[in-house]
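Here's a quick tour for anyone meeting this structure for the first time. Have a look at the model, then read on.

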Amino acid sequence: MLIRHARPSDPRPSELTSRALYMDRRRFIAASGASLAAAALPLPASAALDFETTSHGRGLEVSDREDATRYNNFYEFALDKDGPAEKSGDFKPLPWTVRVGGACHKPGVHDYEDLIRTHRLEERIYRFRCVEAWSMVVPWIGVPLADMIARFEPTGAAKYVAFRTLYDPEVMPMQRSGVLDWPYREGLRMDEALHPLTLMVVGMYGEELPNQNGAPLRLIVPWKYGFKSIKSIVSIDFVEDMPQTTWSMSNPREYGFYANVDPEVDHPRWSQARERRLGDGLFTAKRDTLYLNGYADEVAHLYAGMDRMKLF
Ligand SMILES: Nc1nc2c(c(=O)[nH]1)N[C@H]1C(S)=C(S)[C@@H](COP(=O)(O)O)O[C@H]1N2
Ligand SMILES: [Mo]
């Protein structure tokens, strides 16, 4: 007999929308997408993707595509939220290669198409929480990072995975400034990278990633603050020591390596207890931030015994 076990991160009642409403809304968005986009800035056309739907996040009320693709953080293009969509139009995400190296048996340079085509794409609806206390719910499309990592055959020396974003100051204007130490760097502990929730994302809302959301491939680690979800990845390295990460290099007091969503660990300059969901009206109450962004039952064991205040 087949029993569908509820996933512990399944939506709570306040986040629910009916499946029918979600499908309707998708159809509505598909039908009206052109006119909506024309009303704002024209988005470069994205190709539709072939993917399997999954039960991840089924029933969560999905954020509007407009919000998720026009309110971004992508410091390579701009420091404000509208800037990435406005200033990334000339960026050409394809062709693209990813260099894989370090402690693995199959290092090498991989063409994006080969890297993706050999995997089955899945759509997963995840909550996403920025460290700046806004959140959204996005239907991401990607490959479980663990599946991608398996083909590189990491060795026993691989304790962490380090990722880097493209460095190309000609098309990424803020890289001509020193606001951050470029290229953007992120990292995960090996067990975090291999966790089934961790996704290497190539699309959202049924289509390839828009430039401002990290085309052509970016990470999504749904229980961590948004800055761990590095965009436009050009290299993956398996390493023995905890890698340096952009935000902790720039301000180690404010940004740690773990960056787990935690309502009880305040950012030094603001509380993390509440968040504003993109699309909620000005008069809608902020929402309570959930420990590990609502994924605690799936990932809390990774941090058993760890001091949340020290290893933030
Ligand atoms: N390369 C790169 N990746 C990045 C960032 C960035 O500035 N550069 N910003 C991070 C932050 S702070 C957040 S909140 C998310 C935003 O992702 P989104 O624009 O798709 O919502 O991207 C993350 N990945
Ligand atoms: Mo963020």
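Let's start with Pro95, which is found in the loop between α3 (83-87) and β2 (97-102). Helices here are DSSP runs of H or I with at least four residues, strands are runs of E with at least two, and both are numbered from the N terminus. Pro95 is joined to Leu94 by a cis peptide bond, with omega about 0°. Another cis peptide bond links Trp182 to Pro183, and there omega is about -5°. Look for Pro183 in the loop between β6 (160-165) and β7 (185-189).

Tyr205 is worth a glance too: it isn't a glycine, yet its phi is positive, near 50°. You'll find Tyr205 in the loop between β8 (199-204) and β9 (207-208).

## How to read the model

This is a predicted model: local features need pLDDT of at least 70 and side-chain atom pairs count only at pLDDT 80 or more, while totals for chains, interfaces and linings use all residues. Residues are numbered from 1 along each chain as its sequence is written, chains are lettered from A and ligands numbered from 1 in the order in which they are written, and side-chain values use heavy atoms, leaving out hydrogens and water.

## Around ligand 1

Some polar contacts (N or O atom pairs within 3.5 Å) stand out here. A polar side-chain atom of Arg218 lies 2.9 Å from an oxygen atom of ligand 1. On the backbone side, a polar atom of Ser229 is 2.9 Å from a nitrogen atom of ligand 1, and an N or O atom of Asn73 lies 3.3 Å from a nitrogen atom of the ligand. Taken alone, ligand 1 exposes 530 Å² (Shrake-Rupley method, 1.4 Å probe), and the protein buries 99% of that.

## The lining

Strand β5 (residues 134-144) gives the most to the lining of the second largest pocket, with three residues.

How values were computed:
A polar contact is a pair of N or O atoms within 3.5 Å; within protein, one must be able to donate a hydrogen and the other to accept it, and residues adjacent in sequence count only if both atoms are side-chain atoms.
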